[in-house]
Amino acid sequence: MRREADRRPRRIFITGASSGIGAALVRHYAPGDVQLGLVGRRRETLEALAAECGSKAQVFVADVADAAAMQTAAAQFVTTVGVPDIVIASAGVSVGTLTEYAEDTDAFARVMQTNVLGMLHTFQPFVAPMRASGAGTLVGIASVAGVRGLPGAGAYSASKAAVRRYLESLRVELHGSGVRVVTISPGYIDTPMTAINTYPMPFLLPANVAAKRMAQAIDAGRRHVVIPWQMGLVAWVLGWLPDPVYDRLFARAGRKPRGLPL
């Protein structure tokens, strides 16, 4: 017989649920026996997505860069449905940045606040209750862009490199507690974030396909997975390239536009 705890709906808390990977993950999980917490900055978009999921979805309008707002959203979710089984920190922003332009400093800061501190703010309220229950999974969306610094994407590459190391540290800190930490490093996924790219994007995956593969990795408790797997090979090669070779190859690589709204 299944234990009573196994018979209840899974409780899943997802940030960045307004669009992209976050929205794809919401749609993937919604048909199952789940209670969802949807976090994002756009109320209308979240409510429309929640309507697709039915009454089992709660909407929390919050910016992950706002620690107090995330504490409030987490507390409301726990009070309503309990400690989540899975927390997915999917919120992220991307914009081209160049150090030589002073006007890009604010964009650089915003990327770091959202992608790095936003993940901390997402996980922090849940670590203690998960540890106390001896169960739960914390999932961070990193990126293949964190393997090497990409030209014109200093903020994004730095943020995703930081995310990978942060998640690694967190995984070790929680070792033996029953709480798992899963790092997912996507390659190119067909989302609004990549739609504006004007350069080739090898192995581009539809968001719904990527979400399915991510959910499989989460259920398997993978420590780190690259999706699609082909980009894992690309990342491995890039990681081993000598710096002089990498510099020559990527000096003229395509760059994400600067000045995008964040």
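Student: Where is Asp-190 placed?
Tutor: Asp-190 sits in strand β7, residues 189–190. Helices (H or I, at least four residues) and strands (E, at least two) are DSSP runs, numbered from the N terminus. Before we go on: this is a predicted model, where local features need pLDDT of at least 70, side-chain atom pairs count only at pLDDT 80 or more, and totals for chains, interfaces and linings use all residues. Residues are numbered from 1 along each chain as its sequence is written, and side-chain values use heavy atoms, with hydrogens and water left out.

Student: Does Asp-190 count as buried, partly exposed or exposed?
Tutor: Partly exposed, because its relative accessibility is 44%. Buried means under 20% relative accessible area, exposed over 50%, and partly exposed in between (1.4 Å probe, protein chains only).

Student: What is Asp-190 in contact with, leaving aside neighbours within four places in sequence?
Tutor: Leu-204, Leu-205, Pro-206 and Ala-207. Contact means heavy atoms within 4.5 Å.

Student: Switching to the cores. Which residues touch the most other members in the largest nonpolar core?
Tutor: Tyr-29, Leu-36, Leu-38, Ile-88 and Ile-184, out of 35 residues in that core. Helix α8 (residues 207–220) gives the largest share, seven residues. A nonpolar core is a set of buried Ala, Val, Leu, Ile, Met, Phe, Trp, Tyr and Cys residues joined through side-chain atoms within 4.5 Å.

Student: What other core lies apart from it?
Tutor: Another one, of 27 residues. Ala-74, Ala-142, Leu-174 and Val-179 are among them.

Student: Back to Ile-88. What is Ile-88 in contact with, leaving aside neighbours within four places in sequence?
Tutor: Ile-12, Phe-13, Ile-14, Thr-15, Leu-25, Tyr-29, Val-139, Ile-141 and Ile-218.

Student: On to helix packing. At what angle do the axes of α2 and α8 cross?
Tutor: Roughly 70°, and the axes come within 8 Å; α2 covers residues 20–29. Axes are lines fitted to C-alpha atoms, for helices over the stretch in contact, and angles run from 0 to 180 degrees between N-to-C directions. That angle makes α2 roughly perpendicular to α8. Angles under 35 degrees count as roughly parallel, over 145 as roughly antiparallel, 65 to 115 as roughly perpendicular and the rest as oblique.

Student: Which residues meet there, α2 against α8?
Tutor: From α2, Ile-21, Ala-24, Leu-25, His-28 and Tyr-29. From α8, Ala-207, Asn-208, Ala-211, Lys-212, Met-214, Ala-215 and Ile-218.

Student: How about α5 and α6: at what angle do their axes cross?
Tutor: Helix α5 (residues 105–133) and helix α6 (residues 154–173) cross at roughly 15°, with axes that come within 8 Å. So α5 is roughly parallel to α6. By class, their contact has 15 nonpolar, three polar and three charged residues. Here Ala, Val, Leu, Ile, Met, Phe, Trp, Tyr, Cys and Pro count as nonpolar, Asp, Glu, Lys and Arg as charged, and the others, Gly among them, as polar.

Student: Zoom in on α6. Is Ser-159 buried or exposed?
Tutor: Buried, because its relative accessibility is 0%. Ser-159 lies in helix α6. Not counting residues up to four places away in sequence, Ser-159 touches Val-111, Met-112, Asn-115 and Val-116.

Student: And Ala-155, buried or exposed?
Tutor: Ala-155 counts as buried, at 0% relative accessibility. Not counting residues up to four places away in sequence, Ala-155 touches Thr-97, Phe-108, Val-111 and Met-112.

Student: Last one. Where is Thr-183 placed?
Tutor: In strand β6, residues 180–186. Thr-183 counts as buried, at 4% relative accessibility.
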